[in-house]
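Please keep the sequence and the structure in view while you read.

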Amino acid sequence: MAAKKIDLSRILSSNITILLLMTFVSVAVWRLNFYHYFWDEWDFVKEFAYNNFNFLLPHNEHFLPLFKLIYYLELVFFKNNPLWANYISLLAHASTGFVLYKVGANILKSHSYAILAALIYIVNPFHYATLVWNFQICTILNTLTFLLSIFFLQKYLENSKLTRFLISIILCFLQAYFFSTGLMLPLVCVAYYLLFRKESQTKYLSLAYLFIFILNIAIYTYFTRIIYTVAPLTVSLAEVPQILSYFLMGTLVNLSRPFPLDYSPSVIMILLSHTLFFVSGFMLWNRKKDINHFYKTTLFLAIFYLIPFFLISVGRFKFGVEQSFESRYFHIYFVPLAIYFSFFSMNILRLTNYKKAISTLLVIFLVFYFYLSIIEARSFKFERQALYIDNYSRLNAAMNYHDYVSDFSKTYPSFTTSQIRDLYSLLVGQDIGSSRNTAFLENTQYPFNVSFDLEPYQNNYQIVAPGFSFYQTFLSPYQKLNGIDLYLSTFYRKIEDPYTLLFYESDCKTLLYQIPLEVSNIRDNAFFRIRFPVITNSNNKIFCFTLKLETETSTTPVAIQLSAPDVYQLGDLKINDEYLVEDVVFAPFYQA
């Protein structure tokens with residue numbers, strides 16, 4: 001009996017394969033190595049820690065009972081290590097990409113272009129504030145649930161099975177209670193139903209989605225009317241042009257987000273690509289056989305983008321345009337944009353006269369898009385991860401040294417240091433030093449530096465020259481201290497004078513390491529990394545360092561920069577035997 005031939009193309013296009021692909025890309029691009037509670041999360045941590053978790057209590061203008069249920073379960077299972085809750089967000093993002101693929105395949109009538117749309121969506125760096133912040137699983141689940149509603153609506157329009165329509169209606173109702181953007185989304189379902197229904201299917205069923213739209217607004221109004229804390233959403237006539245400008249700007253930002261906003265070649269390429277793609281769309285009018293489907297799809301995707309964006313444009317306008325452009329408010333808008341890009345590309349490539357040129361342009365664009373998207377996504381990810389480590393480091397010091405005073409504005413401006421310290425202690429039920437989060441950070445192979453909020457202040461520098469001496473002490477919050485990042489100024493000169501880092505114990509006398517600097521690598525007004533052998537048991541110990549000029553004269557001296565007064569409370573700076581209230585701008589560096 002002949003062996004059964006394996007259908008590789010069928011395997012590669014199977015649902016399991018596509019889901020695994022989306023999961024792999026989501027995890028590979030967005031996975032964090034460390035996570036700590038941030039910003040709005042502390043409100044929910046407070047409710048949970050004090051056993052007062054109210055699922056019906058709105059958060060600002062958002063009524064989020066389903067999100068609060070999910071977050072409550074995450075706190076139950078992952079309160080000691082919220083990094084695992086972040087992995088759930090990545091799996092939800094991958095699932096969203098998979099459902100987008102299913103919805104896109106029904107719209108595009110092409111599995112390959114649907115996969116392209118899903119991958120464009122998964123990697124876009126504008127998702128960074130959503131995927132690296134556990135609170136924002138609310139927007140991910142909102143998008144996922146709504147796409148499922150669209151998917152079941154598509155299935156109903158295929159075979160008119162009423163159960164699938166009912167499932168779509170239920171999901172369309174529920175999605176609004178993950179995030180308030182969902183208030184407008186039933187109108188998108190109305191548009192899809194009216195545009196793609198068969199002639200035999202009554203248009204009046206679309207009223208069911210309109211009823212959901214009205215019902216959700218009524219429920220939101222009832223639960224938020226008493227505790228509404230945001231600015232009034234009234235808009236004057238004079239503000240309409242500003243909102244329209246903001247609306248247009250938001251569209252351009254969405255389309256161009258993977259690229260640095262300057263005049264680099266990549267920006268020129270993206271603008272050229274978009275211009276040619278949109279202009280070439282006019283050529284489709286006389287060449288497209290199924291012009292009806294083309295118009296319907298284009299119109300639906302435009303409605304999909306415009307309707308929820310209208311809510312953000314007006315609702316967040318009072319908070320300022322910059323804040324409204326935060327990526328956490330734009331998560332769902334990449335669904336229609338990703339599908340539209342694939343749809344437009346698919347149709348343009350069917351133009352026989354220009355297929356080779358346009359396909360070459362498309363490939364160039366996609367190479368730039370995916371490469372720069374991944375680079376920028378990783379940059380955003382590690383920047384936010386460094387912030388979490390910084391917050392956790394300061395919380396560690398606050399819990400171990402109760403007289404420690406620090407600005408926790410990067411953690412949550414509504415809570416004081418002592419409030420967050422007591423709240424976290426109540427949450428984990430143990431000393432922070434023995435929590436799983438600390439153990440995870442100490443055992444991972446991820447290198448990191450810890451900021452003490454030390455930044456150059458009013459160009460207050462001190463030149464390290466003959467006759468000058470300084471000693472800076474600091475408390476190390478972690479084990480395995482591997483060096484320091486020292487902020488230096490060169491005044492645009494190439495440094496040739498020889499310098500050595502002297503690293504001491506707390507007395508500034510017992511020398512631990514003497515490290516010559518590679519002075520040719522010092523850059524002006526930048527951190528310079530100085531490594532030394534790992535100090536394994538460095539946590540909760542005080543160390544001291546200085547720079548020593550190895551010659552009696554100086555021709556190209558380097559300068560240290562000083563911080564604002566009283567920023568760092570766990571160390572002292574002594575210059576020429578006099579203690580100052582400022583500190584040297586530096587950051588300790590750790591390596592597992």
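## The protein as a whole

Among the contacts in the protein with a separation of 6 or more, 80% are accounted for by residues 24 or more positions apart, where contact means heavy atoms within 4.5 Å. The model is a predicted one, in which local features need pLDDT of at least 70 and side-chain atom pairs count only at pLDDT 80 or more, while totals for chains, interfaces and linings use all residues. Residues are numbered from 1 along each chain as its sequence is written, and side-chain values use heavy atoms, with hydrogens and water left out.

Strands of a sheet pair through backbone hydrogen bonds, either parallel or antiparallel.

Strand β3 (residues 470–476) has six of its seven residues buried, so it is largely enclosed by the rest of the structure. This strand is joined to β8 (residues 541–549) by five antiparallel bridges, and the partner of L475 in β8 is I542. Three bridges, again antiparallel, join β3 to β10 (residues 573–575), where Y471 stands opposite K574. Strand β10 in turn pairs with β11 over three bridges in the antiparallel sense, with L573 opposite L580.

## A covered strand, β12

Strand β12 (residues 586–590) is mostly covered, since five of its five residues are buried. Both of its faces are covered: F586, P588 and Y590 lie on one side, A587 and F589 lie on the other, and all are buried. Strand β4 (residues 481–489) runs antiparallel to β12 and is joined to it by five bridges, and G483 has F589 as its bridge partner.

## The nonpolar core

In soluble globular proteins, nonpolar side chains tend to be buried together. Here the largest nonpolar core has 163 residues, and those with the most contacts inside it are F300, F470, F545 and L547; such a core is a set of buried Ala, Val, Leu, Ile, Met, Phe, Trp, Tyr and Cys residues joined through side-chain atoms within 4.5 Å. Helix α5 (residues 83–108) gives the most to this core, with 13 residues. If neighbours within four places in sequence are left aside, the contacts of F545 include F470, I484, L486, V584 and F586.

## Buried places in helices

Helix α16 (residues 334–348) reaches 21 Å from its first C-alpha to its last, close to the 21 Å expected for its 15 residues, the expected span being 1.5 Å times one less than the number of residues. Because 15 of its 15 residues are buried, α16 is largely enclosed by the rest of the structure.

In helix α8 (residues 137–159) lies N142, which counts as buried because its relative accessibility is 2%. The side chain of N142 makes a polar contact of 2.7 Å with the side chain of Q175; a polar contact is a pair of N or O atoms within 3.5 Å, of which, within protein, one must be able to donate a hydrogen and the other to accept it, while residues adjacent in sequence count only if both atoms are side-chain atoms.

## Two loop residues with positive phi

Most residues other than glycine have a negative phi, and most peptide bonds are trans. Y492, however, has a positive phi of about 65° although it is not a glycine. Y492 is found in the loop between β4 and β5 (499–505), and with a relative accessible area of 78% it is exposed. N459, in the loop between β1 (448–449) and β2 (461–464), also has a positive phi, near 50°.

Note on methods
Buried < 20%, exposed > 50% of the residue type's maximum accessible area, 1.4 Å probe, protein only. Helix = DSSP H or I, 4+ residues; strand = E, 2+ residues; numbered from the N terminus. Pairing = 2+ DSSP bridges.
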